[in-house]
Amino acid sequence: MDGGHSEATRRRGRQHRYLLSGIAVCGVCGAPTRVGTQNTSTRRPFVAGQPPARYRVYECAGTPGSTGFHVSMHQEHLDRIVTDAVLARIREPDFRPPSARAGDEDGLERRALRLEIKSDRAWLDSVQSEATRSQRPDTLLRQQDIVLPKIRAAEKRIEDLEEPDPLVLGLKDARSTKNAWERMPLAQRRHVVRALLIPRILPIPAGERGRQGINLHRVDLRWL
Ligand SMILES: [Zn+2]
């Protein structure tokens, strides 16, 4: 298990150093966010000779041809909000880990596979009736050699598509979800977040500019 490193990340030889860079998206344009720095506000008195205190933010990285900078949010605040939400979600009694395989979220492929299996079985039934009627059991055996492996392969594919994500399952089954999360390397935490939700950073409503502290209204959590 590679812990959720994306191939693209590995190829570029660069690891993400924050939980949500490239995962949280801009609530205005949908672009992924990157990590930038911001100076603390002018509230703090300026002291000559001292650099302004800085903190990290997730900020809209823009899309090709667009400058971005629609939204930004304190990195630690967003990490806290998303982490709390993920852990609470996983601890819900009816929570089911998502499938490990992306690509059939709507279940269309599994539906098609089940129909295929059904029609293959119907075909074998009809061959069997004909083989019995004509007393030619070899025709049934020949068809079984062809069709049964196809049915097995389709069943295996359905199982694979339904296999729960092992990292998410591990958190769910852990005695303490929080401890298990804290022991996870960052790449695995990023994988878990990615498997569960897309956090969207919303612009600051006019009346709340300059507000300090964690603002839950600034984040829209899109559960997958
Ligand atoms: Zn944007």
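1. Let's start with how α3 and α4 meet in this predicted model: α3 passes α4 in a left-handed crossing. Helix α3 covers residues 108–134 and helix α4 residues 137–162, and their axes come within 9 Å, crossing at roughly 165°. Since angles over 145 degrees count as roughly antiparallel, α3 is therefore roughly antiparallel to α4.

2. If you colour that contact by residue class, the α3–α4 contact has 13 nonpolar residues, along with eight charged and four polar ones.

3. Next, have a look at α5, residues 166–173, where L167, V168 and L171 are buried. Why do these residues sit on the same side of α5? They do so because the arc they cover around the axis is only 100°. P166 and D173, on the other side of α5, are exposed.

4. What covers the buried residues of α5? The cover includes α2 (75–91), α6 (177–183) and α7 (186–196).

5. Two of those helices, α2 and α7, also pack against each other, at an angle of about 70° and with axes 11 Å apart. An angle from 65 to 115 degrees counts as roughly perpendicular, so α2 is roughly perpendicular to α7. Their crossing is left-handed.

6. For anyone wanting to find the α2–α7 contact on screen, α2 contributes V82, V86 and R89, while α7 brings V192, V193 and L196. By class, that contact of α2 with α7 has five nonpolar residues, one charged and no polar ones.

Methods
Residues numbered from 1 in each chain as written. Predicted model: local features only at pLDDT ≥ 70, side-chain atom pairs only at ≥ 80, totals over all residues. Axes fitted to C-alpha atoms, helices over the stretch in contact; angles between N-to-C directions. Helix = DSSP H or I, 4+ residues; strand = E, 2+ residues; numbered from the N terminus. Parallel < 35°, antiparallel > 145°, perpendicular 65-115°, else oblique. Left-handed = near helix turned anticlockwise from the far one by under 90°. Nonpolar A, V, L, I, M, F, W, Y, C, P; charged D, E, K, R; others polar. Buried ≥ 20, exposed ≤ 12 C-beta atoms within 10 Å, placed from the backbone. Arc of directions from axis to C-beta. Contact = placed C-beta atoms within 7 Å.
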